[in-house]
Amino acid sequence: MDFNRLRTGTASVWAGETEIFPEGSHTVPIFNTVTFAYKDLEEWHEAAKGKQKGHIYSRNTNPTVSVLEEKIRVLEKAETATSFSSGMAAISNTFFALLKPGDRVVSIKDSYGGTSRLFLEYLPKFNIEVTLCETGNHEEMEREISKGCELVYLESPTNPTLKIIDLTRVAAASKKVGAITVVDNTFASPVNQNPLLLGADLVIHSATKYLGGHSDTLCGLVCGNEDLVSRVFQFREINGASLHPDTAYHVIRGMKTLELRVERQNHNAFQIARFLDSHPKIDKVFYPGLENHPGHDIAKKQMRGFGGILSFELKGGYDSVKTVLHNLKLVHLAASLGSVSTLAGTPRTTSHVELTEEQRKELGISESLVRYSVGIENTEDLINDLDCAMEQID
Ligand SMILES: Cc1ncc(COP(=O)(O)O)c(C=O)c1O
């Protein structure tokens with residue numbers, strides 16, 4: 001059977017699990033070992049040189065981890081994939097493996113906070129220039145890219161106001177100047193969007209979010225073509241940000257229900273966005289599935305579902321935010337997203353905690369903004385919970 005052609009729900013269960021595991025184990029064994037023994041020195045030598053299949057040392061490869069890498073490879077329609085101890089490890093290893101002093105990166109102002117810090121603090125230390133464009137201003141991006149750059153880095157939808165970037169359009173501009181296009185696909189997940197099919201060269205995931213799905217494990221993944229991924233993998237081998245097999249197992253187990261969870265989260269988020277959009281105590285709802293969202297048409301073109309995250313501005317400023325968040329019963333007020341249970345917070349306590357009030361304002365992030373990462377709970381229950389909490393606003 002050609003596993004590359006399997007649909008998402010099937011691939012997330014079966015990809016990487018084509019052979020029967022030792023002792024007939026039905027689940028992926030956790031190979032909790034650092035090193036792998038060989039009876040024969042020649043065989044060991046061949047495996048160490050990569051001329052024959054075989055694992056040597058778990059900082060480099062591990063059979064449990066390989067199953068996870070195969071799953072994301074198939075889900076993202078990639079040639080190959082590699083894994084990391086966290087999403088940030090995946091992102092920073094990608095930059096440090098592919099860039100050199102004198103290079104230039106073009107990206108957006110609304111990248112995840114940790115990624116923005118790499119752009120603003122760390123890459124410039126290595127004499128790598130970073131230009132951050134207004135998110136969603138495609139003309140500005142095309143202009144900056146056409147001046148010449150080595151890497152274009154994108155997220156869509158973005159955090160926390162769910163802006164949408166036309167990935168096909170920007171990847172085409174990037175290709176014209178020979179730059180590598182990298183897309184952080186964490187928010188969409190491969191259920192909703194496949195950036196490699198839209199022209200990207202590499203896709204990154206914080207598998208900590210939707211792929212793992214239960215907020216109990218940190219993991220990062222990078223997928224794309226052999227050449228680029230192997231450069232990133234080789235840097236990780238000596239940088240050491242490898243994924244532990246226990247963690248890989250948790251993500252594999254989470255991924256088995258990926259499609260079920262994300263479809264439910266898409267549904268919940270859409271219904272909640274519609275409910276909030278017509279609620280008198282709400283100023284504004286940010287959700288790409290709403291027709292009044294400025295990126296709706298692009299999202300419709302490049303996404304199969306609009307995702308499980310939305311944000312909204314409450315009338316009454318930060319006092320209303322506190323009232324609502326303190327009165328919600330079916331959420332944890334916590335950082336992160338993509339879990340089976342609903343999580344809510346404000347950018348000033350989560351993604352944009354490092355920024356000043358002024359900097360948040362510049363990004364269009366007001367004090368009255370709430371980010372709401374919808375879980376797999378019953379839609380009506382979540383809507384009732386929000387409704388009751390908003391009734392508490394004076
Ligand atoms: C879009 C996005 N990318 C990357 C990361 C970093 O991932 P991790 O926390 O697994 O290092 C996050 C974390 O919130 C994120 O939201």
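**The sheet and its neighbours**

Modeller: Seven strands form an open sheet with mixed pairing, in the order β1-β7-β6-β5-β4-β2-β3. Strands (E, at least two residues) and helices (H or I, at least four) are DSSP runs numbered from the N terminus, and two strands pair if DSSP finds at least two bridges between them. The model is predicted: local features need pLDDT of at least 70, side-chain atom pairs count only at pLDDT 80 or more, and totals for chains, interfaces and linings use all residues. Residues are numbered from 1 along each chain as its sequence is written.

Colleague: In which sense do β1 and β7 pair?

Modeller: Strands of a sheet pair through backbone hydrogen bonds, either parallel or antiparallel. Here β1 and β7 (residues 220–224) are antiparallel, over five bridges; threonine 82 has valine 222 of β7 as its bridge partner.

Colleague: Which strands does helix α4 lie across?

Modeller: Helix α4 (residues 87–98) lies across β1, β4 (151–155), β5 (180–184), β6 (202–206) and β7, at about 45° to β7. Axes are lines fitted to C-alpha atoms, for helices over the stretch in contact, and angles run from 0 to 180 degrees between N-to-C directions. Contact requires C-beta atoms, placed from the backbone, within 7 Å.

Colleague: How many residues of domain 1 are in contact with domain 2?

Modeller: Domain bounds come from an automatic or database assignment, giving domain 1 (3–30 + 61–255) and domain 2 (258–391). In domain 1, 34 residues are in contact with 35 residues of domain 2.

Methods:
Contact = placed C-beta atoms within 7 Å.
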